[in-house]
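Okay, everyone, thanks for making time. I'd like to walk you through a few charged pairs and a few individual residues, so let me put the structure up.

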Amino acid sequence: MDNILDTAKSWLTDFFDPAVKKEIEHLIANDKEELNDRFYKNMEFGTGGMRGVMGVGTNRINKYTLGKSTQGLSNYLNKVYKDEEIKVVIAFDCRHNSDTLARIVAEVFSANNIKVYLFSDLRTTPELSFAVRHLNCHAGIVLTASHNPPEYNGYKVYWTDGGQIVPPQDGAIVSEINSLAFEDIKFKANDSLIQVIDKEVDEAFISQSVAAGNFHAEGKDDFKIVFTSLHGTSITAIPEVLKRGGYENVTIIEEQAKPDGNFPTVKSPNPEEPEALSMAVKKAEEIGADMVVGTDPDSDRLGIAVRNLDGEMEIVNGNQAMVLMTKFLLEKRKEKGFKGNEFIATTIVSTPMMEAMAKAYGVEFKTALTGFKWIGKMIKDFPQSDFIGGGEESFGYMVGDFVRDKDAVTSTLLACEIASQAKANGSSFYKDLIQCYVDYGFYKEHLVSITKKGISGAEEIKQMLKDFKENPVESVAGSKVKWIEDYNTSIAKNVLTGEEKTIDIPKSNVLIYETEDGTRIAARPSGTEPKVKFYISTNTKLEKTEDYKKVAAELDNKVKSILAELNLA
């Protein structure tokens, strides 16, 4: 506690703004608990960059914590590219303070003699990823906290390839940041190095999105879409992409179309949450729409609802959308003829169905840690390979490699192409998904996410994961555990035979149990939120589409029994 108080008092020097000092003095005198939470640690880079609650303190997002990160990144860039004109591009979303924080970040870069392209207004994260390579930049920054609550903001760093920073750059940059004092931040801008950008980059990005996502599907004139941007950035891109893709019957949820960091019409602006799409689903039922699409605030995740076998709108989960999108892209590539260097990718906590599908098409399957930066790294590490598409269970997908992060803009167009063509064929998005279950196995996934806030919450999460590891599960739903994959030690052990394998993926705090019948239970802490997540995947055969409802109910019951068994219900 003394260390926390000393850290807080270090922010009372004249380097810090008077309002900051006043707030800290108030906390020291009146609210020790809040003071502790704000100063007990530094903001850290997680799977999605640096993300947290805005406010004063080392454990908050503010001009000083972002300024220090930017100063460290500037120092690193100037060391690595000392003989070049260094360029970075910066975008920001609809969140409170995103525009002002983006300007501060731009000013720090410029003070370090780095050329800055700064978007004139809010833009999607996929456009930022695209812009890094389009403008031949050395790095990119987007100010966003994705789908987190209104009090959050964040800072994602992209490298020369348009992908998020990964080893070894991330470690080197973090070391540079940690070596600095706040007083080392250069806040005095060189305005001549800051160039505001907008329409030229927009046009290039939208054109590429349409080129990547449009497969000239039939039936567009008879296909109705309801779209919601959930108060976020996708309103700047998706309506135009759909229009250029040939979709005229698009109803936009006007109450959610205006960018607003308060996200006033939803509890959470996260398309993973059914409630977030409720307004759009209601409108779809009213007008007889075929599909609902909703995106999170920075437009890297998309939620989809389509008509099920009973004609009712049903939200498909991230695994289901990923499977059908990948199947469609594989089929289109197969028509052209495979060259033998293609691959698809997903993450270790996403559906195993992706691997089954890759085997069926004879293409390579790659798997990565959670976080799209690892899929982006695959594209960079294997330049001779051709990335078709891939995604993760948390409602993210990437079509090709012109964007190097999950991309709800292009994926929205792709989803509409799949559904429009299916309808024209006398099928549907939902029926095509069921056919995938017949062809590759019926996989059913479920996510349990437990929130634990603050210092005590972080300890609880640590203890839960420790217990999960030190008290191994021996069987799940009557099936013996066969493999225990410990990504902290990089060892996968067959507990029935004693065989051990090395896991060729960077170390991470993830533990996965796999049983003899292919059921998988994964546990990991969130890299961007105070949460611990448990992922359940189970599967069986689906002999024919007519059996779908019966077999789906059986798998649902199995998932329920697993949740009860693991005390996660």
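Let's start with Arg38, which is buried, with a relative accessible area of 12%. Quick word on terms: buried means under 20% relative accessible area, exposed means over 50%, and partly exposed is in between, using a 1.4 Å probe and the protein chains only. And before I go on, this is a predicted model, where local features need pLDDT of at least 70 and side-chain atom pairs count only at pLDDT 80 or more, while totals for chains, interfaces and linings use all residues. Residues are numbered from 1 along each chain as its sequence is written, and side-chain values use heavy atoms, with hydrogens and water left out.

So, what does Arg38 form a salt bridge with? The partner is Glu34, and the closest N and O atoms are 2.8 Å apart. By salt bridge I mean a side-chain nitrogen of Lys or Arg within 4 Å of a carboxyl oxygen of Asp or Glu. Both residues sit in helix α3 (residues 32–39), and because they are four residues apart there, about one helical turn separates them. Helices here are DSSP runs of H or I with at least four residues, strands are E runs with at least two, and both are numbered from the N terminus.

Gly454 is in helix α16 (residues 454–470) and is partly exposed at 31%. Which residues is Gly454 in contact with, leaving aside neighbours within four places in sequence? Those are Asp37 and Tyr40, where contact means heavy atoms within 4.5 Å.

Now over to helix α4, residues 63–80. The structure holds 38 salt bridges, and one of them joins the side chains of Asp17 and Lys63, at 3.5 Å, N to O. That pair links distant parts of the chain: Asp17 is in the loop between α1 (2–9) and α2 (18–30), Lys63 is in α4, and they are 46 residues apart. Both are partly exposed, Asp17 at 30% and Lys63 at 26%.

Further along, Lys79 pairs with Glu176, with the closest N and O atoms 3.0 Å apart. Since Lys79 lies in α4 and Glu176 in helix α7 (residues 169–178), this bridge ties together parts 97 residues apart in sequence. Are these two buried or exposed? Lys79 is exposed, at 53%, whereas Glu176 is buried, at 13%.

Also in α4 is Thr65, buried at 6%. Not counting residues up to four places away in sequence, Thr65 touches Met50, Gly57, Thr58, Arg60 and Phe182.

Last stop, strand β15 (residues 386–392), where we find Ile388. Ile388 is buried, at 4%. Its C-alpha is 5.8 Å from that of Ile344, 44 residues apart along the chain. Beyond four places in sequence, the residues touching Ile388 include Leu329, Phe338, Ile344 and Val399.
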